[in-house]
Amino acid sequence: MANWKHCPVVERANEQDGGLWVFKGTDVALYRMYESLASGMTVGDFADRFGVAMQLAAATLRYEAEEFRDDLLIRPDGPGEITPIPAIVPTGAEIPDWHNCPAVERIAGKVSGAWIFTESRLPLWAMYSEMASGTTVDEFVDWYYGNKAKVIAVLKYEAKSLRESQLKAYAHTA
């Protein structure tokens with residue numbers, strides 16, 4: 001999950017709609033894209049089905065890939081610990097914690113501390129970057145020797161987290 005408040009192509013829906021993140025100028029919730037990708041759709045299929053401009057949907061995935069790459073500014077400093085690089089102060093724009101998703105891990109010294117699929121060296125940003133270009137889950141798994149169940153688990157985790165975090169935020173304001 002990216003820090004969506006800085007993404008130029010999404011916005012918060014009205015509070016009466018639960019405050020979900022939606023694609024700008026639409027009422028289509030962002031989590032629907034992740035559910036669609038997990039079901040085997042491409043980003044183009046999703047855009048067509050939900051009436052979201054392809055550019056918005058792809059830009060969202062590219063934004064998330066960049067968030068994962070930018071997150072490498074925060075690096076592992078010891079076993080299991082992630083601390084700021086001494087010369088860089090965290091901005092608060094770093095991606096949220098993924099520790100509760102069993103399909104991913106972050107290990108000091110492995111792939112420069114990037115979030116990766118468990119038991120692999122495959123970074124999450126690669127998945128988002130490929131899907132922004134129209135790659136399906138099956139194609140991504142074939143090309144990167146990934147694990148389909150883990151890819152789907154990540155997409156479903158993201159969809160669920162987006163729904164739950166926004167519903168919690170709405171409950172606090174109600």
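1. Leaving aside neighbours within four places in sequence, T135 is in contact with E130, F140 and W143, where contact means heavy atoms within 4.5 Å. T135 lies in the loop between α4 and α5, and with a relative accessibility of 4% it counts as buried, a term that stands for under 20% relative accessible area, while exposed stands for over 50% and partly exposed for the range in between (1.4 Å probe, protein chains only). The backbone oxygen of E130 is found 3.0 Å from a polar atom of the T135 side chain; a polar contact is a pair of N or O atoms within 3.5 Å, where within protein one must be able to donate a hydrogen and the other to accept it, and where residues adjacent in sequence count only if both atoms are side-chain atoms.

2. A word on the basis of this note: the model is predicted, so that local features need pLDDT of at least 70 and side-chain atom pairs count only at pLDDT 80 or more, whereas totals for chains, interfaces and linings use all residues. Residues are numbered from 1 along each chain as its sequence is written, and side-chain values use heavy atoms, with hydrogens and water left out.

3. The buried residues of α4 are L124, A126, M127, Y128, E130, M131 and A132. Just after α4, G134 takes a positive phi of about 100°. Helices (H or I, at least four residues) and strands (E, at least two) are DSSP runs, numbered from the N terminus.

4. In helix α5, the buried residues are V137, F140 and V141. These cover an arc of only 95° around the axis, which puts them on the same side of α5; the arc is that of the directions from the helix axis to the C-beta atoms. As background, an α-helix has 3.6 residues a turn, so residues three or four places apart point the same way. Just after α5, Y145 takes a positive phi of about 55°.

5. The structure holds nine aromatic pairs, a pair being rings of Phe, Tyr and Trp (its six-membered ring) whose centres lie within 6.5 Å, with planes under 30 degrees apart counted as stacked, over 60 as edge-to-face and the rest as tilted. One of them joins W4 and Y63 in a tilted arrangement, at 5.7 Å centre to centre and 35° between the planes. Since W4 lies in the segment before β1 (10–12) and Y63 in helix α3 (residues 54–70), this pair ties together parts that are 59 residues apart in sequence. Both W4 and Y63 are buried.

6. F117 and F140 form another tilted pair, with 6.5 Å centre to centre and 45° between the planes. The pair links distant parts of the chain, F117 being in strand β6 (residues 116–117) and F140 in helix α5 (residues 137–144), 23 residues apart. F117 counts as buried at 4% relative accessibility, and F140 is buried with a relative accessible area of 0%. Ring pairs also link Y34, F68, W98, Y128 and Y157 into a cluster.

7. K150, in helix α6, counts as buried at 16% relative accessibility. Leaving aside neighbours within four places in sequence, K150 is in contact with A103, F117, T118 and E119. The backbone oxygen of T118 lies 2.8 Å from a polar atom of the K150 side chain, and the C-alpha atoms of K150 and T118, 32 residues apart along the chain, are separated by 8.2 Å.

8. There are five salt bridges in the structure, each a side-chain nitrogen of Lys or Arg within 4 Å of a carboxyl oxygen of Asp or Glu. Among them is the one between E35 and R163 (2.4 Å, N to O), which links distant parts of the chain, with E35 in helix α1 (residues 30–38) and R163 in helix α6 (residues 148–173), 128 residues apart. E35 counts as partly exposed at 31% relative accessibility, and R163 is partly exposed with a relative accessible area of 27%.

9. D138 forms a salt bridge with K148, the closest N and O atoms being 2.8 Å apart; here D138 in helix α5 is linked to K148 in helix α6, ten residues apart. Both ends are partly exposed, D138 at 41% relative accessibility and K148 at 39%. The side chains of K110 and E105 also meet in a salt bridge (3.8 Å, N to O).
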